[in-house]
Amino acid sequence: MTAMLSEPAPAVTPARVATTSLALKEARLLLGTSTLWLGVGLAVALCTAWGWTTEPRWDTFTANSGMASLVLAGFLVLIGHLAASRDHRHGATDSARTLPASTRRRTVALLALIPTAAAAAALAVGAELVLLMPAWPAGAFDPWLLTAAVVIPMVGAGLGVAVGSWLPSTPSGPLTLFGVAAVLALLPVLGSSAGALSWLLFPVVIDENVAPEIPRPTGWHLVYLIALLVVVTAVAVLRYWRLVAAVAVVLAVVVAVVAVRRQQAERLPITPDTVAAYLDESAQQCEVRGSVTYCALHGYGRWISLWQGAVEPIVRALPPNVTNLPVVRQGSGPATSVVVDQHWGRHGTWARDSRLDLSAEYIRVLLDMPEQLAGKPGPGSLPERNRAVLPKGSMELSTGPRCSGAGQLRTVMALWLLAQSDTDGRALLGDREKLRFGRVDFGQAEIEAARRLLDAPRGRVEALLNEKWALLRSPAPAGDALAAFGVAELPVSSGGSACQ
Amino acid sequence: MTTVRIQGLGKRYGSTIALDDLDLEIGVGVTGLLGPNGAGKTTLLRCLATALAPDRGRVEAYGLDPAAAAQRTALRRRLGYLPQDPGLYPNFSAAALLDYVAVLKEMTDARRRRAEVRRVLEEVGLTDRASVKVRKLSGGMRQRLGLAQALLGEPDLLILDEPTVGLDPEQRMLFRALISRLGETRTVLLSTHQTEDVGALCERVVVMRQGRAVYDGTPRGLAEQAEGQVWLSAEAPDGNRMYWRNADGEFRTLGAQPPNGTPARPSIEDGYLMLLGPEIAAGVVAR
């Protein structure tokens with residue numbers, strides 16, 4: 001036997017330095033993956049599309065952003081799985097096994113995908129916010145919900161690494177994604193109310209915020225998501241630190257259960273009575289613009305300009321001596337106010353529809369026309385008008401019986417006023433779908449009469465308004481009041497069906 | 001001086017014996033492993049490369065015993081391994097793949113790593129393909145890339161399993177030049193079916209059969225195994241002899257002298273075939 005050459009070993013890189021270097025490399029590899037950016041792009045596009053038609057609010061934005069993050073998380077499940085199973089897919093197991101970096105170090109380094117996923121998700125959320133410009137979300141900003149949109153892709157990346165570490169075969173990644181998607185799709189089926197357990201297990205809080213200042217246990221939801229993140233991370237390293245990882249899994253599951261229970265306990269039951277205080281005058285901040293008072297809920301101050309755009313053209317057409325103009329209130333208010341909710345259309349026809357709806361409602365209250373809702377004390381006084389406060393099980397508030405405003409002067413003037421609020425009033429009068437004032441029905445004769453008024457000089461109509469103002473706020477028939485405009489006496493509805 | 005020592009190494013796959021009580025000592029220089037398929041060459045290389053744990057026996061390289069976890073990692077820091085299937089990630093570019101492997105080889109300094117990647121790419125003649133995705137490289141280029149990843153970090157022990165597969169003659173010449181240069185200071189162990197490679201590269205050759213070393217010596221000594229048993233003749237010999245027709249149209253016969261046969265100088269291949277015994281000869285005759 002000959003002597004064995006035993007040269008001094010080369011300098012050894014400290015394990016922590018080597019692991020950090022590998023983690024940074026894995027992070028860079030992820031950032032260089034086109035699939036990640038496809039996922040980010042898709043998430044941004046989806047969030048933007050989902051919120052395109054309405055003025056942004058923090059609660060809908062965080063819900064849309066969260067759902068978009070769920071899509072990004074799906075991409076990260078696949079990417080994480082592919083990264084963790086890289087050697088097995090390409091027959092590199094042998095050569096990888098002979099490298100100084102152990103499988104433990106490689107798995108730990110792959111956990112760098114989790115913060116990298118967070119960075120990508122934060123970038124996506126930032127892009128989604130930038131794409132809202134020049135608008136900005138209204139309502140109450142909830143940092144926990146915004147953070148959830150960042151944590152969800154982290155869970156996805158961690159899940160991908162965990163599955164790739166334990167089940168490196170190629171189909172495992174897509175099958176995991178399919179399984180998770182199926183479970184998530186099932187959750188809403190298992191319970192549809194906002195407080196149902198299945199909804200609380202859903203990663204994204206997608207129920208609407210009834211009022212900006214209503215307390216929501218969203219912090220607990222974030223704790224639940226972080227517990228999920230700990231579970232998938234611990235499962236990924238379970239092979240190497242069995243005891244610590246197992247303890248972490250158990251603790252995280254306990255924390256997740258507690259977090260869900262706390263959400264159930266702290267969630268305010270959403271009924272008209274419980275939410276009334278968050279929607280009434282005490283919760284509103286008022287501002288006078290022109291001669292109209294606008295009262296917005298917390299965080300909705302920017303929307304006053306939008307409401308003003310709907311109301312101002314009507315007010316400008318009113319006689320100067322008209323006082324006690326209805327107050328525009330968001331949430332709920334007394335019978336003499338015009339109540340708007342937390343929805344407002346954005347872009348093109350959606351914005352126009354919201355504007356016309358408010359204009360029509362303002363005219364209805366102004367002219368004391370009967371409101372849409374049945375059996376309630378007065379217009380605009382109900383917290384249920386906020387769609388999220390609808391009694392459980394009902395899709396919309398019941399409407400009262402229709403009544404006829406045929407032949408009434410106020411119906412014709414309401415139509416003329418509504419035409420003032422649109423850039424092309426004549427075209428608007430041709431669109432029956434847009435001509436709605438509460439429960440009031442009317443016919444082609446009233447529309448034609450309004451057209452005649454539109455053809456006349458505006459000053460003459462304003463003079464008529466001034467002269468007949470007292471009559472306009474009553475169901476009085478037009479009689480010959482419009483004769484000067486070439487409108488013959490309009491047929492009046494007979495019997496009890498006439499609007500009062 | 002011995003750098004690798006193998007004592008009583010045994011490995012079974014079910015009822016198949018891959019390595020049978022193998023003893024071997026290897027030193028600095030290029031050592032070739034020859035043997036038919038299933039002789040145990042790859043299993044031996046995998047055991048040496050720490051990719052496979054033997055059932056019994058001991059491996060020691062540079063004083064390090066891979067059976068002990070800490071020493072195994074220390075040994076991995078000093079070896080470069082090119083398996084039969086290098087398993088290169090197809091979506092990485094050549095440079096990115098090497099950079100990744102360099103990180104796995106604990107090269108943490110980015111600048112040094114980049115320089116090392118450039119060096120090995122140049123060594124294997126792939127500098128102009130650095131940014132090309134692995135999936136777009138030809139088979140020969142992939143083989144060279146596999147060799148490049150084994151060369152990263154200038155390992156003391158280089159284990160190459162059929163490294164010349166897929167290489168064209170020019171690439172093979174470059175490969176030989178590279179390996180012979182490395183063999184001046186390092187321990188290079190390569191398995192091959194190409195006896196020309198052994199003749200051109202190896203100072204020492206080990207012929208394996210059924211998990212055992214049946215020859216361990218110089219390539220010249222291997223050729224001498226067929227001394228006096230190689231013949232050339234104008235006509236095909238009859239009887240139970242192993243022969244083939246060469247490029248000159250003559251019949252080259254191994255074994256007993258055929259009628260009108262004139263003695264020929266034995267090659268490494270002749271020695272290898274003679275050494276492997278009657279079953280291989282019978283196989284050749286049967287064909």
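**Close-up views of a two-chain model**

**Figure 1. The disulfide of C286(A) and C295(A).** C286(A) and C295(A) are joined by a disulfide, with their sulfur atoms 1.9 Å apart. The model shown here and in the other views is predicted. A disulfide is a covalent bond between the sulfur atoms of two cysteines. The angle about the S-S bond is 105°, and the link of C286(A) and C295(A) is right-handed. C286(A) counts as partly exposed because its relative accessibility is 47%, whereas C295(A), at 0%, counts as buried. Over all chains, the structure holds one disulfide. Two cysteines of chain B may be looked at as well: C47(B) is buried at 2% relative accessibility, and C202(B) is buried with a relative accessible area of 7%.

**Figure 2. A nonpolar surface patch on chain A.** The patch covers about 510 Å² and is made by W241(A), L243(A), V244(A), V247(A) and L251(A). One of these residues, V244(A), has its place in helix 12 of chain A, which runs over residues 242-266. V244(A) has 59% relative accessibility and therefore counts as exposed, since exposed means over 50%.

**Figure 3. Helix 1 of chain A.** This helix takes in residues 15-31, which is 17 residues. At 1.5 Å a residue the helix should span 24 Å, and its end C-alpha atoms are 24 Å apart, so the two values agree. A number of its residues are buried, among them A18(A), L22(A), K25(A), E26(A) and L29(A).

**Figure 4. Salt bridges in chain A.** D422(A) forms a salt bridge with R355(A), and their closest N and O atoms are 3.4 Å apart. The pair links distant parts of the chain, 67 residues apart: D422(A) is in the loop between helix 16 and helix 17 of chain A, and R355(A) is in helix 15. D422(A) is buried at 9% relative accessible area, while R355(A), at 23%, is partly exposed. E361(A) is bridged to R364(A), with closest N and O atoms 2.8 Å apart. Both residues lie in helix 15 of chain A, three residues apart, about one turn of the helix. E361(A) and R364(A) are both buried. In another salt bridge, R426(A) pairs with D455(A), and the closest N and O atoms are 2.1 Å apart. Here too distant parts of the chain are linked: R426(A) belongs to helix 17 and D455(A) to helix 18 of chain A, 29 residues apart. R426(A) is partly exposed at 37% relative accessibility, and D455(A) is exposed at 52%.

**Figure 5. A salt-bridge network in chain B.** E116(B), R119(B), E123(B) and R181(B) are joined into one network by salt bridges that share partners. The count over all chains comes to 35 salt bridges.

**Figure 6. Surroundings of L44(B).** L44(B) lies in helix 1 of chain B, residues 41-48, and is buried at 0% relative accessibility. Leaving aside neighbours within four places in sequence, L44(B) is in contact with I6(B), L9(B), L19(B), L22(B), L24(B), L33(B) and M208(B). L182(B) is 138 residues away from L44(B) along the chain, and their C-alpha atoms are separated by 21 Å.

**Figure 7. Surroundings of Q149(B).** Q149(B) is part of helix 5 of chain B, residues 139-151. With 5% relative accessibility, Q149(B) counts as buried. Not counting residues up to four places away in sequence, Q149(B) touches Y81(B), L82(B), P83(B), L98(B), V101(B) and K105(B).

Conventions: Residues numbered from 1 in each chain as written. Chains lettered and ligands numbered in written order. Predicted model: local features only at pLDDT ≥ 70, side-chain atom pairs only at ≥ 80, totals over all residues. Heavy atoms only, no water. Patch = residues over 30% accessible without salt bridge, like charges linked within 9 Å, V, L, I, M, F, W, Y side chains within 5 Å. Areas by Shrake-Rupley, 256 points an atom, 1.4 Å probe, with all protein chains shown as cover. Salt bridge = Lys/Arg side-chain N within 4 Å of Asp/Glu carboxyl O. Helix = DSSP H or I, 4+ residues; strand = E, 2+ residues; numbered from the N terminus. Buried < 20%, exposed > 50% of the residue type's maximum accessible area, 1.4 Å probe, protein only. Disulfide = S-S within 2.5 Å. Expected span 1.5 Å × (residues − 1). Contact = heavy atoms within 4.5 Å.
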